[in-house]
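Biologist: Please show me the chain and its model. I would like to go through it with a few questions.

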Amino acid sequence: MPSLNIHRNDTVKVLRGSDRGKTGRVLRVFPDKGTLLVEHVRVVKKTVSSKSGQRTKGGIAEQESGIDVSNVALMCPNCGPVRVGFKTEGDTKVRICKKCGQTLPTKK
Ligand SMILES: [Zn+2]
């Protein structure tokens, strides 16, 4: 199974696209597609129709849509948006900031 170097609850900065410059928390990751849902990024307004048989009311719903993982950078607390490196601590592989070397823990 492919894994991404960005995980849920990470804070990322958008590097490309219409939401460039925004930062947000990662809500979901889709490793098989290589995309992420980031809070307040690529929000699309969906018209929800109230067809018969559906319980939802008609109206406008706002929902984040996926952004490609290559279009965002993980935020390092010291350096800002950085590239992610890896090192092994005991049996676990941890992510590090490629700039300052700080460990970037995965938040649960
Ligand atoms: Zn750093």
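**The zinc site and a hairpin**

Modeller: At 4% relative accessibility, Cys 76 counts as buried, where buried means under 20% relative accessible area, exposed over 50% and partly exposed in between (1.4 Å probe, protein chains only). This is a predicted model, in which local features need pLDDT of at least 70, side-chain atom pairs count only at pLDDT 80 or more, and totals for chains, interfaces and linings use all residues. Residues are numbered from 1 along each chain as its sequence is written, and side-chain values use heavy atoms, with hydrogens and water left out.

Biologist: Which residues are the protein donors of the zinc ion?

Modeller: Donors are N, O and S atoms within 2.8 Å of the metal (3.2 Å for Na, K and Ca); water is not among the atoms, so sites may look incomplete. Here the SG atoms lie 2.2 to 2.3 Å from the zinc ion. They belong to Cys 76, Cys 79, Cys 97 and Cys 100.

Biologist: What is the arrangement of the four donor atoms around the zinc ion?

Modeller: Four donors count as tetrahedral if all angles lie between 85 and 135 degrees. The angles here are 106 to 112°, so the arrangement is tetrahedral.

Biologist: Is Cys 97 buried or exposed?

Modeller: Its relative accessibility is 1%. Cys 97 therefore counts as buried.

Biologist: Which residue takes a positive phi in the hairpin of strand 2 and strand 3?

Modeller: Strands (E, at least two residues) are DSSP runs, numbered from the N terminus. Strand 2 and strand 3 pair in the antiparallel sense over four bridges, pairing being at least two bridges found by DSSP. Four residues lie between the strands, and the positive phi, near 75°, belongs to Gly 34.

Terms used
Tetrahedral: all angles 85-135°; square planar, octahedral: opposite > 155°, others 65-115°.
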